Amino acid sequence: SQSARKIRSSGALGNSSKSPKWIKLDDIHERYVKSPVGKDGGPWILTRQANLVFAVAIFLQAVVLGVDTELELEAQRQAAPASGGTSLGSYRAGGALREAAGPAFYSIMVVDCVLTAVFCTEFLLRAVALGRRYLCTFQCVFDIILNAVSIAYII
């Protein structure tokens, strides 16, 4: 954009910089090519800082999922001999850990609830900031599915 302004101001293009076509091209460039974060700063959700915050939340969610899975498998291994050799696959998701009801289960559930709230907030902020442009994308559908599954798991 700066180089285009230099070319126009230098007179290399003659009077074309004031032509309706050039003005329309500038408008298209401003609207669709430049970052959605405008000169006024725009919505926070569209900044690199927001992307970093949610990337850290996604990483934390992956770690929590791994810890949850490991604790669940360990709880199933401990419960199997006590129940007379019940197979490990007979428990519902989180069932053995839930039955043990130790502090690990409640800690993981609290972190899951907080992260689900963070991701639902991200979805809402992005939907408000981008409007229909966002609602008609694969990313939106993907976010809806992930948030719905996360909410269903908590419930």
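This is a predicted model: local features need pLDDT of at least 70, side-chain atom pairs count only at pLDDT 80 or more; totals for chains, interfaces and linings use all residues.
Local features here need pLDDT of at least 70 and side-chain atom pairs count only at pLDDT 80 or more, while totals for chains, interfaces and linings use all residues. Residues are numbered from 1 along each chain as its sequence is written, and side-chain values use heavy atoms, with hydrogens and water left out.

**View 1. The protein has seven helices and zero strands.** Helices (H or I, at least four residues) and strands (E, at least two) are DSSP runs, numbered from the N terminus. Along the sequence the pattern reads α-α-α-α-α-α-α. Of the 155 residues, 23% count as buried, where buried means under 20% relative accessible area and exposed over 50%, with partly exposed in between (1.4 Å probe, protein chains only). Among contacts (heavy atoms within 4.5 Å) with a separation of 6 or more, 54% come from residues 24 or more positions apart.

**View 2. Helix 7 has a buried side and an exposed one.** This helix covers residues 138-154, 17 residues in total, and reaches 24 Å from its first C-alpha to its last. That is close to the 24 Å expected at 1.5 Å a residue, the expected span being 1.5 Å times one less than the number of residues. Look for Cys-140, Asp-143 and Asn-147, which are buried. Seen down the axis of helix 7, the buried residues fall within an arc of 60 degrees (taken from the directions from the helix axis to the C-beta atoms), so they line one face of the helix. Phe-138, Val-149 and Ala-152 are exposed on the other side. The cover over the buried residues includes helix 5 (103-130) and helix 6 (132-135).

**View 3. Helix 5 meets helix 7.** Their axes come within 10 Å and cross at roughly 155 degrees; axes are lines fitted to C-alpha atoms, for helices over the stretch in contact, and angles run from 0 to 180 degrees between N-to-C directions. The two helices are therefore roughly antiparallel to each other, a label for angles over 145 degrees. Residues making the contact include Met-109, Cys-113, Phe-119 and Arg-126 of helix 5, and Gln-139, Cys-140, Asp-143, Asn-147 and Tyr-153 of helix 7.

View 4. Leaving aside neighbours within four places in sequence, Arg-126 is in contact with Ile-45, Leu-46, Asn-51, Gly-131, Tyr-134 and Gln-139.

Note on methods:
Angles under 35 degrees count as roughly parallel, over 145 as roughly antiparallel, 65 to 115 as roughly perpendicular and the rest as oblique.
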